Amino acid sequence: MAFTPPDHVRRIQPYVPGRAVEAVARELGLARIVKLASNENPLGPSPRALEAAAAALSEVHRYPEGTGFDLVAALAARLGVEPQQIVLGNGSNELLDLVARTYYRPGDTALTSENSFVVYRLAMEVLGSTCRTVPMRDHTYDLEALAAAVEPSTRFLFVANPNNPTGTAVTATALRRLLDRLPESCLCCLDEAYFEYRDPEADPVDGIALLQEGYPIAVFRTFSKTYGLAGLRLGYCVGPRWLAEDLNRTREPFNTNRIAQAAALAALADEAHVARVVELNRRERDRLADGLRRLGLAPPPSQANFLYAELPRPASEVAEAMLRRGVIVRPVGPRAIRITVGLPEENDLCLEALAAAVEPSTRFLFVANPNNPTGTA
Ligand SMILES: Cc1ncc(COP(=O)(O)O)c(C=O)c1O
């Protein structure tokens, strides 16, 4: 018998990451590529994080501290929680997956919104299960509909807030209302990868505050976005102590490396850098959104570091046309793209490329039928 995975694994559509800059530059022979496809931080990390990472290199022959003791202590102090409530992961992605693996029993399912983060579906499919979705309302999680769709088998409710790819966020009031209706048998996994970019005036959700109010939820955050450390892979989960205890049973012993731990610790301390990142993003996101509106597009209000736009043409064609002008964006549906907010000059190039792509220069298609001179029809 051939050595094959079970059918549920064979059916999984693998995650397709954004294309690497080097590969695109080589393929198209372009000197300059602007990558606005993976919601990365255009300013990069704090210089202090880079110094700490470089210093940690001299110890790479030693295993890392398994729990990330120093980083966990610093996070606990910053967030006002106990260190025993925090588990580090190789990106928050690992922890989203780990929660599903830790608590899943055959027959369990998950629930989330349509047009949300693809990893929730993957985490369930690898277990042979499914992640059901409910429609969005105005490109935003419809929390009423989610609450109504919870079934006895629903073990996990994944909420990305702000959401990827739409950038929209729900209010704290609306989320509390949902949590009040959630049965104890269902764990709300609140994914706050874009937490720092939220609009402080819009009754924003703060998962840690909800935990402190007594809601037994799992909150996921990351150093990949505002802290600019996507390449080092460091995320964390905060929850009630029992949740962290369970995840510590199932995670790999050395799941985060010592370079990432050191860099994240230094990045956390550089609050001025994070403030610069958030401010640049706010300014440029507004400008990019204005540019999209001038092109006749209508991005929903984003509280993240990217914009979502529905298009008058197939997204693959628009993305391909932009790529030929050296700008990589992410198709996120048949007629929708997601654009990461970049540096001012990157956003200018993006708007130029997008204008050319959505308003193609071909205005007329002449068809002679029957044709002259062939006579064919
Ligand atoms: C909503 C959301 N959650 C989680 C992640 C994973 O982030 P990481 O694994 O880099 O911490 C991402 C990454 O883009 C995301 O968009």
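How far is an oxygen atom of the ligand from an N or O atom in the side chain of arginine 233? Select Arg233 together with the ligand, and the distance you find is 2.7 Å, a polar contact in the sense of a pair of N or O atoms within 3.5 Å.

Before going on, keep in mind that this is a predicted model, in which local features need pLDDT of at least 70 and side-chain atom pairs count only at pLDDT 80 or more, while totals for chains, interfaces and linings use all residues. Residues are numbered from 1 along each chain as its sequence is written, and side-chain values use heavy atoms, without hydrogens and water.

Next, select threonine 222, where an N or O atom of the side chain is 2.6 Å from an oxygen atom of the ligand, and then serine 92, where a polar backbone atom lies 2.7 Å from a ligand oxygen. Of the 390 Å² of accessible area that the ligand has on its own, the protein covers 93% (Shrake-Rupley method, 1.4 Å probe).

Now show the residues around the ligand (those with a heavy atom within 4 Å), among them Phe117, Asp191, Tyr194 and Lys225.

Finally, colour domain 1 (7-44 + 272-358) and domain 2 (47-270), with bounds from an automatic or database domain assignment; their centres, taken over C-alpha atoms, are 24 Å apart.

Note on methods:
A polar contact is a pair of N or O atoms within 3.5 Å; within protein, one must be able to donate a hydrogen and the other to accept it, and residues adjacent in sequence count only if both atoms are side-chain atoms.
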